[in-house]
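Good morning, and thank you for the time. I would like to take the group through one model, from its overall fold down to a few individual residues.

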Amino acid sequence: ATSVAEALCFAVRNSSALAFVSVVRCAALRGKRSSSVLSKLLKSVQQAERRQPAVILLDDLDQLVPSTLSLPEGGELALVMHLVHGLCDLMRDVIVARHRIVFIATAQCKDSLN
C-alpha cells in the first residue's frame with residue numbers, strides 16, 4: 001500500500017498544476033514524545049494550508065497508532081490515545097476550515113486503519 005500511495009503522491013507532486021505533497025514518515029517518529037509527534041504533524045498541516053491544494057501522506061501510521069487488536073496497556077495506551085485525539089483534532093480543523101487538503105494513510109498491518 002505504501003508504494004502505491006507514494007507513487008500517487010509523487011506523481012501529483014511532479015505535476016506542479018495538481019497539488020503540494022507532504023510525506024510524514026511515521027516510523028521515524030516512533031518512540032518520540034507525543035508532543036513532538038503532534039508538533040511535526042501540525043507543521044505538515046500548516047505547510048499544506050499555505051500551499052493548497054495539498055496531500056498529506058501519513059506513511060506507516062500504524063507505527064505510531066497500533067490497531068485496536070494490539071493496543072498497549074497503561075501509560076503507553078495513554079500516549080497512543082493522546083496521539084489519536086491530536087491527529088483527529090488536526091483533521092477536524094482542516095475539515096471545518098474547508099481547506100483543500102487530503103490525508104492519505106498507509107499501514108503495514110491490514111487491521112490498523114479501522
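This is a predicted model: local features need pLDDT of at least 70, side-chain atom pairs count only at pLDDT 80 or more; totals for chains, interfaces and linings use all residues.

Residues are numbered from 1 along each chain as its sequence is written, and side-chain values use heavy atoms, with hydrogens and water left out.

First, the overall fold. The protein has 4 helices and 3 strands, and along the sequence these follow the pattern α-β-α-α-β-α-β. Helices (H or I, at least four residues) and strands (E, at least two) are DSSP runs numbered from the N terminus. Of the 114 residues, 38% count as buried. Here buried means under 20% relative accessible area, exposed means over 50%, and partly exposed lies in between, with a 1.4 Å probe and protein chains only. Among contacts with a separation of 6 or more, 74% are between residues 24 or more positions apart; contact means heavy atoms within 4.5 Å.

Next, the sheet. In what order do the strands of the open sheet run? The order is β1-β2-β3, and the pairing is parallel. Two strands are taken to pair if DSSP finds at least two bridges between them. The edge strands, each pairing on one side only, are β1 (20-25) and β3 (101-105). On average, neighbouring strands are turned by 15° against each other, direction ignored. Angles run from 0 to 180 degrees between N-to-C directions, and the axes are lines fitted to C-alpha atoms, for helices over the stretch in contact. Strand β2, residues 54-59, pairs with β3 in the parallel sense over 5 bridges. Within that pairing, Ile56 has Phe103 of β3 as its bridge partner.

Helix α3, residues 34-50, packs on this sheet and touches β1, β2 and β3, its direction making about 175° with that of β1. Its length agrees with expectation: at 1.5 Å a residue, the 17 residues of α3 should span 24 Å, and its end C-alpha atoms are 24 Å apart. The expected span is 1.5 Å times one less than the number of residues.

Which residues of α3 are buried? They are Ser34, Val37, Leu38, Leu41, Ser44, Val45 and Ala48. These residues lie on the same side of α3, because they cover an arc of only 120° around the axis. That arc is taken from the directions from the helix axis to the C-beta atoms. The face turned away from the buried side carries the exposed residues Lys43 and Arg50.

I turn now to charged pairs. A salt bridge is a side-chain nitrogen of Lys or Arg within 4 Å of a carboxyl oxygen of Asp or Glu, and by this rule the count comes to 2. One is formed by the side chains of Asp59 and Arg25, at 3.1 Å from N to O. This pair links distant parts of the chain, with Asp59 in strand β2 and Arg25 in strand β1, 34 residues apart. Asp59 counts as buried at 5% relative accessibility, whereas Arg25 is partly exposed at 39%.

Asp89 forms a salt bridge with Arg92, and their closest N and O atoms are 2.7 Å apart. Both residues lie in helix α4 (residues 74-96), 3 residues apart, or about one turn of the helix. Both partners are partly exposed, Asp89 with a relative accessible area of 35% and Arg92 at 46%.

Finally, some backbone details. Most residues other than glycine have a negative phi, and most peptide bonds are trans. The peptide bond from Gln52 to Pro53 is cis, with omega near -5°. Pro53 sits in the loop between α3 and β2 and is partly exposed, at 30% relative accessible area. Leaving aside neighbours within four places in sequence, Pro53 is in contact with Leu18, Ala19, Phe20 and Arg100. The C-alpha atoms of Pro53 and Arg100 are 4.9 Å apart, although 47 residues separate the two in sequence.

Asp60, which is not a glycine, has a positive phi of about 60°. Asp60 lies in the loop between β2 and α4 and counts as buried at 12% relative accessibility. Arg98, also not a glycine, has a positive phi of about 60°. Arg98 lies in the loop between α4 and β3 and is exposed, with a relative accessible area of 73%.
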